[in-house]
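Trainee: I have a new model on my screen. Can we go through it together?

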Amino acid sequence: MNLKSQYASITMTQEIFHSSSPLPLESGEFLTEFDLGYTAYGQLNSDKSNVIWVIHALTGDSNAQEWWNGLIGEDKFFDPADHFIICANLLGSCYGSTQPFSDNPETKEPYYYDFPQMSTRDLAQGLERLRIHLGIESIHTLIGGSLGGQVGLEWAYILGKKLQNAVILASTSKTRPWVIGFNETQRMAIESDCTWGEKHEQAGNKGLETARAIAMLTYRHPDDLSAKQADPDNKVDDYRAASYLRYQGQKLARRFNALSYWTLSKTMDSHDLGRNRGGLDNALGEIEANVLAIGVNTDLLFLPEESQFISQKVKKGTYKEITSTAGHDAFLIEFEQLSYLLKSFYLQQKK
Ligand SMILES: CC(=O)SCCNC(=O)CCNC(=O)[C@H](O)C(C)(C)COP(=O)(O)OP(=O)(O)OC[C@H]1O[C@@H](n2cnc3c(N)ncnc32)[C@H](O)[C@@H]1OP(=O)(O)O
Ligand SMILES: N[C@@H](CCO)C(=O)O
């Protein structure tokens, strides 16, 4: 399907790729067949050397130009006039790809709670299938933040020399117990919703609101809330921070579902680039691409040290840092710094 983007001159395509061959999963299970919804902007050049592959974070979708509008678009750092920019909705997510409400080909009923558990490696294998289907032999740059960075690292490992540059933002090579703990509290919130277990898309919705509110505290820095959600001194109730978190919970529950959230949070927990590869040092050391690992100085979820570690262990690594009061989500917000860091990274490659 060809669509007009908000920039009349940009070609934007939205398609669904269907894979009819089974995808083996790390758990030992299979996805018998699967769909990946994807969005592409711009055109492949004649030698197919202008591919920028974006991987979204936990609740993102494939329309990267919309949620990364400060980085992708006309006259932005990644301009579809020059690049073929593609982003696929990750497996398990509810924006066009196979997810818990998709039909299980074996039962002809939605998977619901029987949706198989997938690791970041499995999600990367799904993207690899799409790359092969599109006939893309090499990727100029893979870029993703948070969960998108985790999947990006896994894919960078798989791609080997087919990938030139990987930009991994606010992410990690192995999920820390602290993060798994936060994800578990969010799943506990979902489980405590009395509709969890029912077979419809609203199941667990109130629990999802709470889960998002908990998650927001890991995406923001305490100082950010102090600055933006401060109350007058005479207050004894109805604090701004409280209504902010409630609002954020409701906002997500309107556009996402608890089953996809559950699945993807488990996927985040599973992330360990070094599993069955002789550990992290070995696995990172086998990545062939130039890697730019970007940390955020106020990130409490994926610490800047985790990005530094990635840059130190890969063959060709660079570390840069975003300075922001925003916390973890700065990678979705601080476009000016991001554009500057990307520019200096590419200039460094030319030297
Ligand atoms: C179909 C789709 O939308 S999917 C793709 C979009 N999403 C993604 O890709 C996921 C990644 N994006 C994100 O996580 C977020 O959009 C971010 C991090 C980029 C920005 O987060 P935001 O929620 O926009 O910013 P912020 O934390 O400042 O909150 C602002 C919102 O809180 C509201 N708010 C602020 N303070 C309060 C308060 N005290 N009480 C109630 N509401 C409040 C604001 O009015 C604003 O509401 P709005 O979103 O309806 O305009
Ligand atoms: N704010 C991000 C998650 C943190 O990376 C999202 O909602 O996708």
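Predicted model: local features only at pLDDT ≥ 70, side-chain atom pairs only at ≥ 80, totals over all residues.

Trainee: Which domains does the domain assignment give the protein?

Mentor: Start with the piece written in two parts, 2-176 + 272-350, which is domain 1. The other piece covers 179-267. So the assignment, which is automatic or taken from a database, gives domain 1 and domain 2.

Trainee: How many residues does the contact take from domain 2?

Mentor: The centres of domain 1 and domain 2, taken over C-alpha atoms, are 24 Å apart. Domain 1 puts 26 residues into the contact. That side of domain 1 has twelve nonpolar, twelve polar and two charged residues. From domain 2, the contact takes 20 residues.

Trainee: Which residues does UniProt list for "active site"?

Mentor: The record is an unreviewed entry.

Trainee: Is D299 buried or exposed?

Mentor: D299 is in the loop between β12 (290-296) and α10 (304-313). Beyond its neighbours within four places in sequence, D299 contacts A170, P304, G327 and H328. The cut-off for buried is 20 or more other C-beta atoms within 10 Å. D299 has 28 C-beta neighbours inside 10 Å, so D299 is buried.

Trainee: Is H328 buried or exposed?

Mentor: Look in the loop between β13 (316-322) and α11 (335-350) for H328. Its contacts beyond four places in sequence include S146 and D299. Because 26 other C-beta atoms lie within 10 Å, H328 is buried.

Trainee: Which helix gives the most to the shell around ligand 1?

Mentor: Ligand 1 is surrounded by 16 residues, and the closest are G60, W67, S243, Y244 and Y247. Domain 1 and domain 2 each supply at least three residues of this shell. One helix, residues 240-255, gives six residues. That helix is α7.

How values were computed. Residues numbered from 1 in each chain as written. Chains lettered and ligands numbered in written order. Near = placed C-beta within 6 Å. Helix = DSSP H or I, 4+ residues; strand = E, 2+ residues; numbered from the N terminus. Contact = placed C-beta atoms within 7 Å. Nonpolar A, V, L, I, M, F, W, Y, C, P; charged D, E, K, R; others polar. UniProt positions renumbered as here; feature names shortened; annotations may be inferred. Buried ≥ 20, exposed ≤ 12 C-beta atoms within 10 Å, placed from the backbone.
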